[in-house]
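Please look over the structure below. The briefing that follows starts with a loop, then moves to overall shape and to a pair of helices.

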Amino acid sequence: MSIEIKAPTFPESVADGTIATWHKKPGEAVKRDELIVDIETDKVVLEVVAPADGSIAEILKGEGDTVLIAAPVAAIEAVGERVEKRVPMTRLRKRIAERLLEASNTTAMLTTFNEVNMKPIMDLRAKYQAQFEKAHGGTRLGFMSFFVKAATEALRRFPQVNASIDNNDIVYHGYQDIGVAVSTDKGLVVPVLRNTENMSLAGIENTIRDFGLRGRDGKLGIEEMTGGTFTITNGGTFGSLLSTPILNLPQSAILGMHKIQERPMAVNGKVEILPMMYLALSYDHRLLDGKDAVQFLVAIKDLLEDPARILLEI
């Protein structure tokens, strides 16, 4: 960031001065308080020094030029400048902040953790990816569709996780509408997959991809981001190994996915290197007991580690 160098205040009754001598050339480095230029007036020669470390970016007035009080004479690409920038918070960012603060202040939020061996799903994808793409018009088989289907089945088994609090009532939803957090330049948005119990893996992947593209272009409608009975967020996309996601009100739980990382694991008394992912479930303790939350997360883990059970619904 450049800093303007201006002519100093001249002695009383002196209106202007003349650039006498430049002691630095464009591109030359300067130190704070180092002499840069002499300005001559009718009464005195004034020395102008550098206000900060840097280099001469531009000389605006040459030797012999006349300058007025406070007129710019040069500019310094300051080094070590402590720059600050203030911009208004966008309406979306402000609303996100309000919602997150509301969730923190009005719920008894708690997080439980587990881990899942991703090898079975990774092997399944490797084996059937090409056939899946061919059968579904180029749609790639990702991880999120497995998580959505596993969460859907777990929500059916634990309807209290799919419920929400409305004043003094508990509302049990007879359907699974799962929000999928999508990161955009303007902030995090959560479009909702409706009736995931009726969606195929390909349908889920296509819808999520569409959400992502339209989210980046700011084309998601408000009706697509309202409602929802449960939310999944994937911090692993950005490298997060573990986090505590915040509830998406009025929902009672949110599942956090994370980075897949190879770790040594004990399997049948032997050490194996497996691709593991930490799972986090944040939940509203007003509605869910610890037992419900832990069993729900374990159900998701079991379904993901044996993905055939997702298709067979067992």
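P250 sits in the loop between β17 (230-234) and β18 (253-257); helices (H or I, at least four residues) and strands (E, at least two) are DSSP runs numbered from the N terminus. The peptide bond from L249 to P250 is cis, and its omega is near 5 degrees. This is a predicted model, in which local features need pLDDT of at least 70 and side-chain atom pairs count only at pLDDT 80 or more, while totals for chains, interfaces and linings use all residues. Residues are numbered from 1 along each chain as its sequence is written, and side-chain values use heavy atoms, with hydrogens and water left out.

**Overall shape**
- The protein has six helices and 20 strands.
- Its radius of gyration, taken over C-alpha atoms, is 31 Å, well over the 20 Å that the globule rule (2.2 Å times the number of residues to the power 0.38) gives for 314 residues, so the protein is more spread out than a compact globule.
- The C-alpha trace spans about 95 × 50 × 40 Å along its principal axes.
- Of the 314 residues, 41% count as buried, where buried means under 20% relative accessible area, exposed over 50% and partly exposed in between (1.4 Å probe, protein chains only).

**Helices α3 and α4**
- The axes of α3 (residues 144-157) and α4 (residues 201-216) come within 9 Å and cross at roughly 120 degrees; axes are lines fitted to C-alpha atoms, for helices over the stretch in contact, and angles run from 0 to 180 degrees between N-to-C directions.
- M144, S145, F146, V148 and K149 of α3 meet L201, I204, E205 and I208 of α4, contact meaning heavy atoms within 4.5 Å.
- The buried residues of α4 are L201, A202, I204, E205, I208, F211, G212 and G215.
- The 16 residues of α4 should span 22 Å at 1.5 Å a residue, and its end C-alpha atoms are 23 Å apart, which agrees; the expected span is 1.5 Å times one less than the number of residues.
- G218, which follows α4, has a positive phi near 70 degrees.

- N195 lies in the loop between β16 (192-193) and α4, and its phi is near 50 degrees, a positive value in a residue other than glycine.
- N195 is partly exposed, with a relative accessible area of 33%.
- N268, in the loop between β19 (261-267) and β20 (270-284), also is not a glycine and has a positive phi of about 50 degrees.
- N268 counts as exposed, at 77% relative accessibility.
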